[in-house]
Amino acid sequence: MSAMEHVAAPDPSQVEAFALEAERRVVAAADLESLESVAAELSGKRSPFVAWKRSLATVDHEGRRALGQVLNGALARVSAAVESRRAILERAARDELVAADRLDLTEVVPAPGAGHLHLVTQVSEELEDVFVGMGYEIADGPEAETEWYNFTALNVPRDHPARSMQDSFYLAAGDRESYLLRTQTSPVQVRLLERGVLPLYAVAPGRVYRRDTADARHLPVFHQIEGIVVDRNVTFGDLAGTIDTFVTAIFGTGIESRLRPAYFPFTEPSAEFEVTCTICRGAGCRTCSQTGWIELGGCGLVHPAVLEASGVDPEQWSGFAFGFGIDRLAIMRHEIEDIRSFVENDVRFLAQF
Ligand code: DAH
């Protein structure tokens, strides 16, 4: 038998006073750790309640019942105080954890060494912004196209060399219509016109594919942006003004644009548009073959055959279209020597922009 410590039976007021003080200390516990140590001291095995209950044996029957009730009541109040304080502190601890763990997904924190958008994507988005500012919508179309959209509806003759297997990537998909990877963004013109919602002001940036061998100025996969406007009484002057506006927006002042006669099956008349050579600023250099100008893209008034193929009445509506390479524009603006740098994934190159 272990030695029993004999404690005299307490006075009820002593118990009540202890319980009151115990509740006060429990409520004052600032964190879970101090709460548990206070709880062990005031209501656990080492608390006076244990000795006090033992002392009941020394009290007569009547007194034992009364004191027992006082002890039980007091212990229950202290225990309840511990419970409720524990719940409060646990919730606070959990809230703190959650707050520390919180990720604000709307926040962009530029961490050192973090990546950024590829230059071609940046230029593409800049172009979108310029045209949205002029009231254009942004459109897109599939990269796997049918011959109809990529060539036929665009008035490209059946025997045109661009249609040949040497120039286009044809896909072995279905036999009724031939599918190919679009060689230009111009098929989006037809898809937009087919919607039958006029007037139409839209640009469509996107990836295009040609069976070209990569060299300093060509990639077999590159990006173009197509523009199309169809409205009443659209003139060549509207086209020239539009090209001038976006060339200034993208290159800044000092770089001008000019149009030179050209041929495209889907426009009539057609033109190439050139911009001031960004290397020599027009003075003449090797890059621009001493002309002071560099070709950027093609444009013209939409051919009536294209409008007709898309279900638009050429007697009622007229329009202009243009298209050019986004990668080409980027190498011109940033004086990049070799367009292949865009796909070599050398971060020392990419990080410059
Ligand atoms: N699709 C032509 C190309 O890839 C560029 C082009 C020329 C687009 C004239 C046009 C246009 O919309 O009117 O070379």
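The legends below describe close-up views of a predicted model. Residues are numbered from 1 along each chain as its sequence is written, and side-chain values use heavy atoms, with hydrogens and water left out.

**View 1. Packing of helix H2 (residues 32-43) with helix H4 (residues 61-101).** Helices (H or I, at least four residues) and strands (E, at least two) are DSSP runs, numbered from the N terminus. The two axes come within 10 Å and cross at roughly 170°; axes are lines fitted to C-alpha atoms, for helices over the stretch in contact, and angles run from 0 to 180 degrees between N-to-C directions. H2 and H4 are therefore roughly antiparallel (angles over 145 degrees; under 35 is roughly parallel, 65 to 115 roughly perpendicular and the rest oblique). Contact (heavy atoms within 4.5 Å) involves residues of H2 including Leu 35, Ala 39 and Leu 42, and residues of H4 including Val 78, Val 82 and Leu 89. By class, the contact of H2 with H4 has eight nonpolar, two polar and four charged residues (nonpolar: Ala, Val, Leu, Ile, Met, Phe, Trp, Tyr, Cys and Pro; charged: Asp, Glu, Lys and Arg; polar: the others, Gly among them).

**View 2. Packing of helix H5 (residues 119-133) with helix H8 (residues 236-251).** The axes are 10 Å apart, at an angle of about 130°, and H5 and H8 are therefore oblique to each other. Glu 126, Leu 127, Val 130 and Phe 131 of H5 meet Thr 242, Phe 246, Ala 249 and Ile 250 of H8. Six nonpolar residues, one polar and one charged make up this contact.

**View 3. Surroundings of the ligand.** The ligand is surrounded by 15 residues (a heavy atom within 4 Å), and the closest are Gln 184, Ser 186, Arg 210, Gln 224 and Glu 226. A polar side-chain atom of Gln 189 is 3.0 Å from a ligand oxygen atom. A polar backbone atom of Ala 321 lies 3.3 Å from an oxygen atom of the ligand, and a backbone N or O atom of Phe 322 is 3.3 Å from a ligand oxygen atom.

**View 4. Backbone geometry at Pro 199, Pro 269 and Asn 233.** Most residues other than glycine have a negative phi, and most peptide bonds are trans. The Leu 198 to Pro 199 peptide bond is cis, with omega about 0°; Pro 199 is in the loop between helix H7 (187-194) and strand S5 (200-209). Glu 268 and Pro 269 are also joined by a cis peptide bond, with omega about -5°, and Pro 269 lies in strand S8 (residues 267-276). Asn 233, in the loop between strand S6 (221-231) and H8, has a positive phi of about 55°.

Notes: Predicted model: local features only at pLDDT ≥ 70, side-chain atom pairs only at ≥ 80, totals over all residues. Polar contact = N/O pair within 3.5 Å; in protein donor to acceptor, adjacent residues only side chain to side chain.
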